[in-house]
Amino acid sequence: MTTNQINQDDINKAVWNACDTFRGVISADTYKDFILTMLFLKYISDVYKDDYNKLTEQYGDNPELINAMMSKQRFVLPEGASFWDLYEKRFEAGNGERIDKALHALEEANGSKLKNVFQDISFNTDRLGQEKQKNDLLRHLLEDFGKQMLDLSPKRVGDLDIIGNAYEYLIKRFAAGSGATAGEYYTPPEVSTLLATVLEPVEGDQICDPCTGSGSLLLKCGAMVRKNSGSKKYALFGQEAIGSTWALAKMNMFLHGEDNHRIEWGDTIRHPQLLDKDSTGLLHFDVVTANPPFSLDKWGHDDAENDPYGRFRRGVPPKTKGDYAFISHMIETLKPETGRMGVVVPHGVLFRASTEGKIRQKLIEENLLDTVIGLPEKLFFGTGIPAAILIFKKHKTDNNVLFIDASREFKSGKNQNQLTPDNIQKIIDTYKARKTTDKYSYLTSFDEIKENDFNLNIPRYVDTFEEEAKIDLVAVRTERVQLKNELQTLETEMEGYLKELGYGA
Amino acid sequence: MTTTLGKYVSIGSGYPFRGRIEPSREGDALVVQIRNIDADGEILANELTLTKLPGKKSPDWLLANDILFIAKGTKNTATLVKNLPENTICSPHFFRLRVKPQHNADALAEFICWQLNQEPAQRYFKVSAEGSLQVSIRKKVLEETPFTLPDFETQIKIVNLHRCAMKEIKTYNQLIKNRQLEMTAIASELLNRLTKNA
């Protein structure tokens, strides 16, 4: 095997195979954290080793100078905390403890960069079994990652994307396999691509995802800036409520080379963390996008009435459905001029009445809603329901709303449907054209929405019914007589055959 | 006289595709798959997949009067090949049955096909199907299907009777559709009349 070239599929396969060590011992949504953390540790260790070797080549045998130079690298790896140190000692007892200590040391040595990232993960846990089993498991894990195939040093991998992609690949595989919990941290890639394309993030934008999950939507937006403007001048912000998922997002960012990010840990509705300098107001962004949990129960209704940031001034969403809480929060974090936002919602958001209806009406009256895109069913992990994307803009050029019914064009799969690149392109083209097209999109005016009582149910606007032909009742009657005659003839004919076969009456 | 199916027909397998059958515009063969067979057991000739065959060996093309037997899954039915394009093959989910040359004069393919779809043969398949994830009929099992071959005249009569019966089903379905159409027409006319008066 050559050590120079590496290909994405091989590396994906290698990391996926490493999971075999855990399979059957603990469930997928538990071991995903171990695997992903190990991949991260392996990556920084390999980069570190590579850099160290380069410096040694350059400056020869001068450990002091080299160590001084190394402390200025992207990540600082303290003595004994590298993957290779752990690998060396893999046959000794206490693998779990050693790994935990190494992660802790790594966190300490890198200041705020990795603060708390490893706090939720412990390799020295009884979940991996009794002492001996645990030690064996972890030895296997170290060996899996120690394979030549998974040498992640820059000289072999080249750019960062391969590792980032492998990380995303794992997240996706775990999401596909872990059923109900998966939607919590992963938006299907086609949907995030669609959102990132439609929102058109450009150079200098501040981009935020208040329900970050594993961060893939933010990363897509970042990549879109690089594609649109060829620039790395943008900032990613995020907030995620679940500690282990937050850690996942942080690692995901680093593995994609997005060191310039600010992702906070905490409940977006109850305790928004992305605040201005005096911690009195919310930060504002150019692009806000999220795939919030669908109709979250117990989202924090009790405190919403007295929200210090006034996010629920249009109305407090119902206790058991958090959809409009997230939408309200996102709207309030938009910059006044450039602010644009894309949010994935269940269809109920489009038509539910009561408080939600009132909030919806206000949003439309303020001319914030720009586009409604209906997506196919079975697109998301963990739920089969069809979702929709709402696009809001702070500074709209007209007071129309575009409806796109993309729900009928997809590649169907057994458990999961998919949007093909063609499907996505059609949505984007229609969005950009902002025109009514037959059975696919409809540009409606404010008055028409008002006539519909601010109900945004897509079929009200995009008519997908086939024109029914005028039925000629006379022709129908004639056909009936004809068919009856045919039956009579058949009956006689069959009678004849039956008689010949000896079954006659 | 009851014998077994294997006495009258030779049984071959479908084309051994590995994995998915990829459609290709420059393909050289049409493939009959299970989904191309409609509820009445007819092959939907317009919906066959055009694909490129990997092998160099010329495959065993389907001929008129071949019988396709669905071997995989719980619905083991037989279908008669009528007029398909020359370069057509079937997927490995089928067995291809062909009347042995020595029986060309006394065995009618359409009759054989009919008998395989009748209750006694179907019951035999039901008890003989094996498999854990997906049940299937093995070639040997198919060969040993109990089978009766009456004289040629009788075969023709039964086949004719069967054709009439199929036509009867179609006509009845058309009648049902016809009535539905009538109802739709009445309903929309009623609605139109009411809106005009309102």
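Visitor: How many salt bridges does the count give between domain 1 of chain B and domain 2 of chain B?
Guide: The count between these two domains is one salt bridge. This is a predicted model. Side chains of opposite charge can pair when their charged atoms come close. Here the partners are Glu110(B) and Arg163(B), whose side chains meet at 2.5 Å, N to O.

Visitor: How do I read the area buried between domain 1 and domain 2 of chain B?
Guide: The size of an interface is often given as the accessible area lost when the parts come together. Between domain 1 and domain 2 of chain B that area is about 940 Å². Carbon and sulfur atoms give 68% of this area.

Visitor: What is the buried area between chain B and chain A?
Guide: Here the figure is about 2,000 Å², with 70% from carbon and sulfur atoms. In chain B, Lys157(B), Leu161(B) and Asn178(B) lose the most area to chain A. Together they account for 27% of what that side buries. As for contacts, 20 residues of chain B meet 18 residues of chain A.

Visitor: How many salt bridges does the rule find across the interface of chain B and chain A?
Guide: It finds two. One pair is Lys157(B) with Glu500(A), at 3.9 Å, N to O. The cut-off is 4 Å. The interface also has five residue pairs in polar contact, both partners at pLDDT 80 or more. The side of chain B that touches chain A divides into eight nonpolar, six polar and six charged residues.

Visitor: Which residues of chain B does Leu501(A) touch?
Guide: Leu501(A) touches Thr154(B), Lys157(B), Ile158(B) and Leu161(B). Leu501(A) itself sits in the segment after helix H18 (473–500) of chain A.

Visitor: What are the domains of chain A?
Guide: Domain 1 spans 8–178, domain 2 spans 193–460 and domain 3 spans 470–504. The centres of domain 2 and domain 3 of chain A, over C-alpha atoms, are separated by 60 Å.

Visitor: How many salt bridges does the structure hold over all chains?
Guide: The total is 39. One of them joins Glu409(A) to Lys426(A), with the closest N and O atoms 2.9 Å apart. Glu409(A) lies in the loop between strand E8 (400–405) and helix H16 (421–433) of chain A, and Lys426(A) in helix H16, so the pair ties together parts 17 residues apart in sequence.

Visitor: What does UniProt list for residues 52–160 of chain B?
Guide: An unreviewed UniProt entry lists "domain: Type I restriction modification DNA specificity" there. In the model, residues 52–160 of chain B are 29% helix and 17% strand. The end C-alpha atoms of this span lie 38 Å apart.

Technical notes
Residues numbered from 1 in each chain as written. Chains lettered and ligands numbered in written order. Heavy atoms only, no water. Contact = heavy atoms within 4.5 Å. Buried area = accessible area lost by both parts, 1.4 Å probe. Polar contact = N/O pair within 3.5 Å; in protein donor to acceptor, adjacent residues only side chain to side chain. Nonpolar A, V, L, I, M, F, W, Y, C, P; charged D, E, K, R; others polar. UniProt positions renumbered as here; feature names shortened; annotations may be inferred. Helix = DSSP H or I, 4+ residues; strand = E, 2+ residues; numbered from the N terminus. Domains from an automatic or database assignment. Lists of a residue's contacts leave out its neighbours within four places in sequence.
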